[in-house]
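Subject: Structure handover

Hello,

Please find the structure below, followed by notes on what was found in it. Keep it open while you read.

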Amino acid sequence: MNFVDIIIKKRDGGKLTHEEITFFVQGVTDGSLPDYQISSLLMAILLKGMDAEETAHLTMEMANSGGMFDLSAVEGVKVDKHSTGGVADTTTLILAPLVASVGVPVVKMSGRGLGFSGGTIDKLESIPGFRVDVSEEEALRYGRESGIVLMSQTDDLTPADKKLYALRDVTGTVDSIPLIAASIMSKKIAAGADGIVLDVKCGSGAFMKDMESAEKLATTMAAMGRHVGRKVTAVISGMDQPLGMYIGNSLEVIEAIEVLKGNVEGDLLEVSLTLGANMLLLAGRVETEEEGKALLRENIRNGKGLAKFKELLEQQGGDTGIIENYELLPVSAAKLEVKAKEAGFITRMDTAVIGRASQETGAGRMFKGQPLDFSAGIVMKKRLGDAVATDETLAIVYSESEEKCRSAAAFLQKAIMITKEQAEELPPLIWKIIRQED
């Protein structure tokens, strides 16, 4: 098979066959295709697109390019969750123990953060002693015993995606919905889930800035679920402000614990309940989303969700003392209050710039592999629509030095817009839920 013919075919808008896609992914995986030819096809896909069948074939070939995690030894329907990334998106630390506490196993592989998007693994590693490098054998045992595992991705999971992701990042081909969808779904399928709930973020702090592109991505992934025999639900949620009030690794652990204790209401809890309830729906544990939310709320009230989080910590070596004593988590040496320069109403937040402020503190990465300051971050004090007075505190910045605090504060001042008039309406928290057809 001549790979140049495949490039030309896609360049001219043709549909690739299953055999051609298989040849492509095998060449990526075994190194037989040079980077310049791979990059050429990636650009052709960006410009000409792929239909649902092509995208499904690409997804499955990428999933099969490495090891597949077999969860059949864990009883029940295994449901995974994936977020396309955002700021203060701490939902996994909340919904995983909650969902597991009602008898639906959650064996979840997560990644590290890059840019302003925080990674679940980084948050977990801010907990003293917590071990994310769990073997498949351990994960299966934990899944059977406790019903919950939060772990880093194994090295042999979707090697084709690792290579393609690296090339997309440096060739201007990131913004392709078929390639984004295949990257996300291949990892989730290889991780062994029966059902997948996708949290597709939309707004100023999301990769998808508008509803049209978010819905297109969500619809594409839901359709792929049908093609590959998985149940998929996509929730399109807002990212026009940080989801939670705490941004940064140990700070987000604290907020997750406070939610599980029943001390926090608001957007972070609501999105966690929505995603968790849809996980329960896919697992057949409940019949309606409302029933699922009520069940999860009850397990916050009765402490079962928090107990499951404690069980997770014990299982993977984390210090359970953090649940009652947050001083056991990393603490920053310096802090700075960011104050409003004028009175009015908060009508807009550039959430990506707030994420950039978090990077300045040391809580987020500028480049892959960069070490993090687990103690750094931002505590937001206001949300969209709130009234503020001159010199009122908008946020508190935490970092290892006053210089880093000042740098982050400057970004926050740019990101938060205060106007004299109140906004007529705020952007929705849940835009749309796309469920796979039966």
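Glu298 has a relative accessible area of 30%, so Glu298 counts as partly exposed. The terms work like this: buried means under 20% relative accessible area, exposed means over 50%, and partly exposed lies in between, with a 1.4 Å probe and protein chains only.

Before going on, note that this is a predicted model, in which local features need pLDDT of at least 70 and side-chain atom pairs count only at pLDDT 80 or more, while totals for chains, interfaces and linings use all residues. Residues are numbered from 1 along each chain as its sequence is written, and side-chain values use heavy atoms, with hydrogens and water left out.

Salt bridges

Glu298 forms a salt bridge with Arg301, and their closest N and O atoms are 2.6 Å apart. A salt bridge here is a side-chain nitrogen of Lys or Arg within 4 Å of a carboxyl oxygen of Asp or Glu. Both residues belong to helix α13 (residues 289–301) and sit three residues apart, about one turn of the helix. Helices (H or I, at least four residues) and strands (E, at least two) are DSSP runs, numbered from the N terminus. Arg301 has a relative accessible area of 61%, so Arg301 is exposed.

By this rule the structure has 29 salt bridges. One of them joins Asp161 to Lys187, with the closest N and O atoms 3.0 Å apart. This pair links distant parts of the chain, since Asp161 is in helix α8 and Lys187 is in helix α9, 26 residues apart. Both Asp161 and Lys187 are buried.

Another pair is Arg356 and Glu360, where the closest N and O atoms are 2.5 Å apart. These two are in helix α15, four residues apart, about one turn of the helix. Arg356 is partly exposed because its relative accessibility is 26%, whereas Glu360 is buried because its value is 17%. There is also a network of salt bridges that links Glu270, Glu289, Lys293 and Arg435.

A charged residue without a partner

Where is Asp373? Asp373 is in the loop between α15 (351–361) and β9 (377–380). Asp373 is buried yet has no salt bridge, and the nearest side chain of opposite charge, that of Lys404, is 5.9 Å away. For charge, Lys and Arg count as positive and Asp and Glu as negative; His and the chain ends are not counted. Apart from neighbours within four places in sequence, Asp373 is in contact (heavy atoms within 4.5 Å) with Asn249, Thr361, Gly362, Ala363, Ser399 and Glu400.

Cavities and pockets

The search runs on a 1 Å grid over the protein atoms alone: a cavity is a set of points where a 1.4 Å probe fits but cannot get out, a pocket is an open set with protein on both sides within 12 Å along at least five of seven lines, and lining residues have an atom within 4 Å of a point. Grid points are joined across faces, edges and corners, and a volume is the space filled by probe spheres set on the points.

There are two cavities of 30 Å³ or more. The second largest cavity has a volume of about 40 Å³. Its lining includes Leu42, Leu58, Met62, Asp161 and Leu164. The elements that give two or more residues to this lining are α4 (52–63), α8 (159–171) and α9 (177–190). The largest share, four residues, comes from α8. The lining divides into seven nonpolar, one polar and two charged residues. Here Ala, Val, Leu, Ile, Met, Phe, Trp, Tyr, Cys and Pro count as nonpolar, Asp, Glu, Lys and Arg as charged, and the others, Gly among them, as polar.

The second largest pocket has a volume of about 250 Å³. It is lined by 15 residues, and Leu251, Ile254, Pro330, Val331 and Tyr398 lie nearest its centre. Helix α11 gives the most to this lining, with three residues. The lining residues of this pocket are 10 nonpolar, three polar and two charged.

Leu93

Which helix holds Leu93? Leu93 lies in helix α5 (residues 91–101). Leu93 is buried because its relative accessible area is 2%. Leu93 and Ala256 are 163 residues apart along the chain, and their C-alpha atoms are separated by 6.1 Å. Beyond neighbours within four places in sequence, the contacts of Leu93 include Thr120, Leu150, Val253, Ala256 and Phe309.

Regards
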